[in-house]
Amino acid sequence: MRDDPMWKVVRLLIGGTILLTAVTLMPKVITGVTSNSNSSGEPAAPPESAPAPAEPADWSWLKYVGIGVGVLVVIVLLSIGALAIADRRRRARVAAKTAQEARAAQVERWGKGATAYAKVALAVTEFETDPETIFVRPLLLDTSEPDTATFFTAFHEAGKLHLENVPRDEQLITAFIDAALAAETAFDRADHNARTKAEAGITHDNRKLTQAEQRTLTRARGLLRIALDPTTDGNHAHNAFAKASELLSGIVTVPTKFTNQLTRSIEAVHRGELTAATPVERPVR
């Protein structure tokens with residue numbers, strides 16, 4: 001309490017009042033003492049006449065004491081007001097800095113979750129658009145595979161929590177980070193499972209491919225590469241893709257979404273050739 005600025009101001013007011021009163025009364029005290037000394041050192045003169053009436057006491061000095069105290073009170077009140085304003089501003093600055101640091105920590109934490117989610121989203125785009133997926137990790141497209149189903153569920157949950165703007169609710173931030181990291185872990189597990197089984201020649205429902213089926217997959221892979229080769233004739237490319245799709249049927253599960261994406265990729269590769277082969281109508285003159 002002794003270090004509190006308000007307490008210092010109060011002590012200043014009390015001390016100033018005492019000092020001002022003492023300074024004001026000092027001349028009166030000195031005058032009174034001198035008068036008493038003079039009257040006690042000399043013999044009393046014989047009364048010549050009736051004593052003069054006593055002069056009324058001079059209380060005019062109280063006016064100056066009051067003025068001084070009033071000035072001190074004003075100074076103290078102004079000081080208290082200035083201290084209060086300064087204290088409020090200091091507290092506001094501290095609160096603003098604390099809030100800014102807390103927000104920066106939230107954004108940083110959210111960023112870790114967003115990075116993990118973006119990594120998984122990119123991986124999904126890659127395996128859903130890469131033609132090699134159906135040969136090196138086809139079970140990653142098959143949601144009947146337990147690890148694949150677990151991944152897509154985790155990724156969907158993380159997507160629902162992925163907001164455009166960073167929320168201020170700590171629970172929402174924590175939930176998103178946990179979901180994003182869970183999706184990342186689930187993808188790694190599903191990807192490893194799909195690659196491992198593909199290398200072992202295992203397809204959906206843990207069925208082991210026969211040697212004939214594996215040779216068929218090799219043929220389909222070659223045909224698909226021909227279909228995606230820019231030097232291949234457009235019609236030949238579409239025929240190769242149709243044959244590859246026929247060979248794959250019943251061996252690996254190829255979702256319609258993936259098939260449509262392959263079709264768009266082949267059309268994009270050969271679009272220039274198809275456009276050039278299309279006759280241009282001449283306007284009628």
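**Figure 1. Exposed and buried faces of helix 8.** The exposed residues T256 and K257 are carried on the face of helix 8 that is turned away from its buried side. The model shown here and in the following views is predicted. Helix 8 comprises residues 256-269. Its buried residues are F258, L262, S265 and I266. Viewed down the axis of helix 8, these buried residues fall within an arc of 95°, so they line one face of the helix. The 14 residues of helix 8 reach 20 Å from the first C-alpha to the last, close to the 20 Å expected at 1.5 Å a residue.

**Figure 2. Buried and exposed sides of helix 4.** T148, F151, A154, F155 and A158 are the buried residues of helix 4. They cover an arc of only 130° around the axis, which puts them on the same side of helix 4. P146, H156 and K160 are exposed on the other side of this helix. Helix 4 spans residues 146-161, and its end C-alpha atoms are 23 Å apart. This separation agrees with the 22 Å that its 16 residues should span at 1.5 Å a residue.

Figure 3. E213 is located in helix 6, which runs over residues 211-227. The relative accessibility of E213 is 18%; because buried means under 20% relative accessible area, E213 counts as buried. When residues up to four places away in sequence are not counted, E213 touches R207, K208 and I251.

**Figure 4. Nonpolar surface patch that includes I75.** Y64, I67, V71 and I75 form a nonpolar patch on the surface. Together, these four residues have about 390 Å² of accessible area. One of them, I75, lies in helix 2, which covers residues 61-129. I75 has a relative accessible area of 44% and is therefore partly exposed, a class that lies between the limits of 20% for buried and 50% for exposed.

**Figure 5. Chain context of the close-up views.** The chain contains nine helices and two strands. Along the sequence, these elements follow the pattern α-α-α-α-α-β-β-α-α-α-α. The chain has 285 residues, of which 25% count as buried. Among contacts between residues at least 6 apart in sequence, 78% join residues at least 24 apart. The chain exposes about 19,400 Å², and carbon and sulfur atoms supply 60% of this area.

Terms used:
Residues numbered from 1 in each chain as written. Predicted model: local features only at pLDDT ≥ 70, side-chain atom pairs only at ≥ 80, totals over all residues. Heavy atoms only, no water. Helix = DSSP H or I, 4+ residues; strand = E, 2+ residues; numbered from the N terminus. Buried < 20%, exposed > 50% of the residue type's maximum accessible area, 1.4 Å probe, protein only. Contact = heavy atoms within 4.5 Å. Patch = residues over 30% accessible without salt bridge, like charges linked within 9 Å, V, L, I, M, F, W, Y side chains within 5 Å. Areas by Shrake-Rupley, 256 points an atom, 1.4 Å probe, with all protein chains shown as cover. Salt bridge = Lys/Arg side-chain N within 4 Å of Asp/Glu carboxyl O. Expected span 1.5 Å × (residues − 1). Arc of directions from axis to C-beta.
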